[in-house]
Amino acid sequence: MEIVLLEDVKALGKKGQIVKVNEGYARNFILPKKLGVEATPKNLNDLKLQKANADKIAAEQLAAAKELGEKLEKSSVTLSIKAGENGRAFGSVSSKEIGKAITEQLGLDIDKKKLVLPEPLKTFGTHEVPVKLHKDVTAKLAVKVVEA
């Protein structure tokens, strides 16, 4: 019996895959737990439509991420921190502060988790901060750190 999997099943296959299983296994395990449906022409067509819809949504998200990336590449944010002795920075700028500055200065809502900042910025000047917007799109944002 052929089954279209609705969820990942360990040692059988991934979601959306068509697998051949014994009738008893399908009737007693896969179908009652709604892990899959029988591979009828209607179910195969529904699967095809779901995949097409998912591909369309993924393409729209990628396009939106690229557009947002272009906006970020052209813009910059300015943050000020206190200066200690000899013009050295007193404190640092974290991803949380950069995210807040993006929201205030640019009007864009970027989550701080998307900022790829290995360690806080501790020096004055302009820094390039990578922003991971999508698995395929990473933009660079110019962050200017000045004395308060």
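This note comments on a surface charge patch and on the strands and loop around it.

1. The model is predicted, so local features need pLDDT of at least 70 and side-chain atom pairs count only at pLDDT 80 or more, whereas totals for chains, interfaces and linings use all residues. Residues are numbered from 1 along each chain as its sequence is written, and side-chain values use heavy atoms, with hydrogens and water left out.

2. A surface patch of negative charge brings together Glu67, Glu70, Glu73 and Glu128. Its members have over 30% relative accessible area and no salt bridge, like charges being joined within 9 Å; a salt bridge is a side-chain nitrogen of Lys or Arg within 4 Å of a carboxyl oxygen of Asp or Glu. Helix 2 (residues 41–74) makes the greatest contribution, three residues. Helices (H or I, at least four residues) and strands (E, at least two) are DSSP runs.

3. Glutamate 128 belongs to strand 5 (residues 125–134). Its relative accessible area of 51% classes glutamate 128 as exposed (exposed is over 50%, buried under 20%, partly exposed in between; 1.4 Å probe, protein chains only).

4. Strand 5 and strand 6 (residues 137–147) run antiparallel and are joined by nine bridges; pairing requires at least two bridges found by DSSP. A hairpin of two residues connects strand 5 to strand 6. Valine 131 has alanine 139 in strand 6 as its bridge partner.

5. Lysine 114 sits in the loop between helix 3 (95–106) and strand 5 and is partly exposed, at 35% relative accessible area. From lysine 114 to valine 131 the C-alpha to C-alpha distance is 5.6 Å, with a sequence separation of 17 residues.

Notes
Patches are made of residues with over 30% relative accessible area and no salt bridge: like charges are joined within 9 Å, nonpolar side chains (Val, Leu, Ile, Met, Phe, Trp, Tyr) within 5 Å. Accessible areas come from the Shrake-Rupley method with a 1.4 Å probe; for residues, only the protein chains shown count as cover. Lys and Arg count as positive and Asp and Glu as negative; His and the chain ends are not counted. The place of a charge is taken as NZ of Lys, CZ of Arg, CG of Asp or CD of Glu.
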